[in-house]
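Please read this report with the sequence and the 3D view side by side. It goes through a few parts of the structure in turn.

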Protein chains: 4
Amino acid sequence: MAGSTFGEILRMTTFGESHGEAVGVILDGVTPGVDIEEKDIQVQMDRRKPGQSSVTSPRKEYDIVRILSGVFEGKTTGTPMCVILYNKDMRPEAYDDIKRSFRPGHADFTYLKKYGIRDYRGSGRASGRETAGRVAAGAIARKLLERRGVQVVGYTTEIGGIRCGRFVETEIERNEVRACDPEAAVAMIEKIKQLASVGDSCGGIVECTIRGAIPGLGEPVFDKLDAELAKAMLSIGAVKGIEFGAGFSASAMRGSEHNDPMSASGFASNHSGGIVGGISTGQDIVFRVAVKPTSSISVPQNTIGIDGEERVIVTQGRHDPCICPRIVPVVEAMACLVLEDHYKRHAALHG
Amino acid sequence: MAGSTFGEILRMTTFGESHGEAVGVILDGVTPGVDIEEKDIQVQMDRRKPGQSSVTSPRKEYDIVRILSGVFEGKTTGTPMCVILYNKDMRPEAYDDIKRSFRPGHADFTYLKKYGIRDYRGSGRASGRETAGRVAAGAIARKLLERRGVQVVGYTTEIGGIRCGRFVETEIERNEVRACDPEAAVAMIEKIKQLASVGDSCGGIVECTIRGAIPGLGEPVFDKLDAELAKAMLSIGAVKGIEFGAGFSASAMRGSEHNDPMSASGFASNHSGGIVGGISTGQDIVFRVAVKPTSSISVPQNTIGIDGEERVIVTQGRHDPCICPRIVPVVEAMACLVLEDHYKRHAALHG
Amino acid sequence: MAGSTFGEILRMTTFGESHGEAVGVILDGVTPGVDIEEKDIQVQMDRRKPGQSSVTSPRKEYDIVRILSGVFEGKTTGTPMCVILYNKDMRPEAYDDIKRSFRPGHADFTYLKKYGIRDYRGSGRASGRETAGRVAAGAIARKLLERRGVQVVGYTTEIGGIRCGRFVETEIERNEVRACDPEAAVAMIEKIKQLASVGDSCGGIVECTIRGAIPGLGEPVFDKLDAELAKAMLSIGAVKGIEFGAGFSASAMRGSEHNDPMSASGFASNHSGGIVGGISTGQDIVFRVAVKPTSSISVPQNTIGIDGEERVIVTQGRHDPCICPRIVPVVEAMACLVLEDHYKRHAALHG
Amino acid sequence: MAGSTFGEILRMTTFGESHGEAVGVILDGVTPGVDIEEKDIQVQMDRRKPGQSSVTSPRKEYDIVRILSGVFEGKTTGTPMCVILYNKDMRPEAYDDIKRSFRPGHADFTYLKKYGIRDYRGSGRASGRETAGRVAAGAIARKLLERRGVQVVGYTTEIGGIRCGRFVETEIERNEVRACDPEAAVAMIEKIKQLASVGDSCGGIVECTIRGAIPGLGEPVFDKLDAELAKAMLSIGAVKGIEFGAGFSASAMRGSEHNDPMSASGFASNHSGGIVGGISTGQDIVFRVAVKPTSSISVPQNTIGIDGEERVIVTQGRHDPCICPRIVPVVEAMACLVLEDHYKRHAALHG
């Protein structure tokens, strides 16, 4: 099947290109009778939108969401919700220089190879702008999860080699990089600005914690909860890896260290990241994603043109020197969609 | 939908429990007219089967595959192939002690929470034995990929903290841990045996390289090639993480370092792991998976019974002290299935 | 999964309610590089829109289509196409009378039972207006089929008991009921007007012929070409039955009559309707759908209110006294989508 | 996707050819904790098996079912159930004559065109024998539906032009054609025997009534309950049409006749067949399928060989002169699977 649909029961289909007329999403399978307003979605869009801080792209998209269907008198009807965002600040002319060259690290080359045609304006469909639809759908899923007492919190734990040393949840939304450690955040912002000043970019790590999920979520053997979360996260453009709980460090652990002992009061540790055998344990679900440095940089790079000729490219445009702060709400959105979908799949199994 | 099916066009459905009558798989969507014999599948089963070496479980399963359908006069017919393996060496009595307790690190607790019932014999469906069906299906996918000139090679790069220092492809199948470095292999085997002697286990890292894939594979925005590979790998019980190319180390890189420059002779580096924007670049596709230490250990562990009462458990049974050697063919099988499926999806897009 | 998506590879998802802000569709999996313009879609919309003749609903929807994504410089890009139609002539106040009662033959009762909430304005999602999105998607599929030499032609063969006696393809679009027999068309129109004058409605039969399809389309054993067409057609609100080739009359035939003999010049008859064993034979594919009389009538009817109390209802509003003329393009659209999807599935099998 | 899978949440995948080693099914998504025994399935297999009466094929298949997985200590575990039937009475030599010719009305031609290869032994995958797996899965679905108070009853209403004049449910399983009218049954049996004596066959109509289903089942707009039932029924080889409630006769009705009035005591009629807007009303769900005359006849027929040369063929083998009696349990099985799947989808929507 075509690849723009995600989820089994709660099912999202996104559309739109960076510099087309609009981007948006259809979310089908929404529980009927739930209160929802555009502002419930808007608040998440505002966390994702460009131009929100000194370390994000200065592109000016107000990202005003409009619900076109599926809601009646303030409540979901169970029919598909279409949420749309019209593009405003399009400057296709700014992309004329990349029309004929492949930017290193970008999907210019692979899209042309795959489709034989490419909308080069602002990366077209490969742009991070596509995630606006995901965040809109995720905001709806979040509303559904709230009724279940489930919370999804994402935050930056590392940027450009600088790691968070502590976790202060209340600080996350108070700093421009959404780091869980306010001191580290200061150093991260400085690092980003320094790299931005020389036209370069940096990567990082974003962690996500899901609280309040019941044990029993996940559909072995292929649609395990961690397998679905992994797919969801790797479907985000800049993400290059994921690990759950102890993750890659488990490779150097012994079984007697890694196994989480149980007692009458619950699990004594959470090396599993809250998922065992592909099914939630009832503990916090914890995973981390590796975020690559933004591909768009204005440092001169060697590349080739669509004609195969070698050249040096300097990417102009309005880009994020580090995508971590804006990827946090996208990670959360995808996690919300996976969780709510699996609650519904679990209901179906026993229903 | 229920979770025992994987793939869109080339579609695998597995069945069977560790100590039931049989395990197996239906693979639907196989290209018709392709030569296939049971021995094409058997050779891969033999790489996965228990008892193959001094560092694997001594359970004696000959794992003789039988093709029940979909092949006529030595050729695939395009109808579903059912491949079955009857279980032989079942000793359910050996599992009587775990009938009433949850083994730490095992899916005992989560399966009971999810289904309200659990087949405790040898972990039932949660057993690694389920992967026998995957390896059978993967062997068929591998045959299809061979016609395209695609090779999939998996190997261990780290076990119990010991890392491979070099890559010698011809050595992989010559050592019992399937490591790509023969000297490291010796140390790894020693480490495993030492841990096994005290009833403990260890984890590791398995890498997989896919050669010869055309550029253009992968279906943005959700069914990206890396997203699908991530789901495939995380659906393997012991896998806790995945990273592509530079992976987690990309978090500390600058864009000017991470971007792979292009020249007339191709890409100058492969930090992307052969996938950009979710689409193959035509380079080698390279990813690594984190393998947790085997949960089944005979070291005494604190746990609770199904009645909630605290107790100490010592897991008996015939287990692998490190699952890396036997997970290699499973990783390869899943990679083969993803690749062949995406070749077919690509054909459908343009077809 | 939620039910607003149709197709496996060429995949349509519709959204929108009759009196909401817009109706529309996302079509994903479109072959890239194909010329497409809004007017290619508009021409089909115009065949479906209300107010087009003396025997259709006088609701004034200009149904101007707008392509929001998936097209670049006049060509498809292979990314999802969103096509939208903003609703104009909404008169929700006209539906105040049905807010509290269930109209016989309508989905008022079943939607409320299913969802626990209902958008009563013009039947909401259950309105025939939803099919606008289908016709838009079908117009795109038709463009893809044209390149394959496939033609899809629908026409009315019976209305209110009046049957077509002959088949003159050039006459179909020349009469207001899209009948294949111009004389029968005159009688049909008269019949409709007579029933409309007393506030009643009538049903009919629509036939569809698909020409030029290759043999080999259809995916046994469940996704047979006739099975998929049957689902597609029964998903249209007013359709209550479907038959292929000889159809129900086959029940009274002998095998020696029904079997289509073959000779060097092809099949000698087409009782199969061009599909055998669920796979196209290369002959014309022929099926007929039973269309029920429009439920919305102004004849007084016994019903109950949402409070369960009995009452008499007289449905006001602007309705079609016979839906056949406007269902023809919907039947064609769904047939186009099924055919193109199966071409792509066939390409995937061998690809 | 490949076509051997049916259902969204309760998901069946069949495999096997008529003269291969076995036929069978995997049913995934079964509610855990439900009592099931092989005999629950066997009783339905016995209604489908050949050789059960004087008017069915004399092929001797005992059709002994074996559950290979998904059941533990007499209860379903929620993991995939594989049910297998080993083929016994295979006489491939009887099919040597059809190896080189296309039998009229059979899928010989279309399978070869589609796959480029065909298992000609007893029609291979296109054989009615494939439905054994469906009946096994349907028997499990029936067990699940019984817990909901849903009953599914199929019966013959017409054979070879002879129609049932009355409905006596208790008589259905007492006559060899499963007709609902014992007098008509006598005439039908005589008709079949007369045609069989001259090597010919006949068609018929099978009706199915589903009782006790709640209102609210069905997933608009594409996965309507009638749309899914239509697909399910048309996926049965010999079925050429379906109609719900008044069906094709609705085409000659007025709206004021066809609409089912409601009163405080329920609906006054059931022209809708228990489904409105694609959603169950809570009334009996009633549909009829057109069954074509068996294609396998020993009357000489004109056809061509695989070399394209014209010839006369006389099909030998052991065939049913009328498939209605044996198609009844297949119709019921598919209806059970659709209904149970939709109960689970409904649970997911609200879950």
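## A sheet across two chains

Strand 8 (residues 151-159) and strand 10 (residues 204-211) of chain A pair antiparallel over eight bridges. Strands here are DSSP E runs of at least two residues, helices are H or I runs of at least four, and both are numbered from the N terminus. Two strands pair if DSSP finds at least two bridges between them. Q151(A) has R211(A), in strand 10 of chain A, as its bridge partner.

This is a predicted model: local features need pLDDT of at least 70, side-chain atom pairs count only at pLDDT 80 or more, and totals for chains, interfaces and linings use all residues. Residues are numbered from 1 along each chain as its sequence is written, while chains are lettered from A and ligands numbered from 1 in the order in which they are written.

Ten strands make up an open, antiparallel sheet, in the order 9(A)-8(A)-10(A)-16(A)-11(A)-11(B)-16(B)-10(B)-8(B)-9(B). Strand 9 (162-163) of chain A and strand 9 (162-163) of chain B stand at the edges. Each has a single partner strand, so one side of each lacks a neighbour in the sheet.

## Where chains C and D meet

In all, 87 residues of chain D are in contact with 87 residues of chain C. Contact means that C-beta atoms, placed from the backbone, lie within 7 Å. Helix 5 (residues 225-234) of chain D gives the most to chain D's side, with six residues.

Strand 11 (residues 239-244) of chain C runs antiparallel to strand 11 (residues 239-244) of chain D, and three bridges join them. There, I242(C) stands opposite I242(D).

## Two annotated positions

An unreviewed UniProt entry gives the feature "binding site" at ten positions of chain A, including G277(A) and R318(A). Such annotations may be inferred rather than shown by experiment; feature names are shortened, and positions follow the numbering used here.

Are these two buried or exposed? A residue is buried if 20 or more other C-beta atoms lie within 10 Å of its own, exposed if 12 or fewer, and partly exposed in between. G277(A) has 26 within 10 Å, so G277(A) is buried. R318(A) has 16, so R318(A) is partly exposed.

G277(A) sits in the loop between strand 14 (275-276) and strand 15 (279-280) of chain A. Beyond four places away in sequence, the residues G277(A) touches include P220(A), A107(B) and Y111(B). R318(A) lies in the loop between strand 18 (310-313) and helix 7 (324-350) of chain A.

Key
Two residues are in contact if their C-beta atoms, placed from the backbone, lie within 7 Å.
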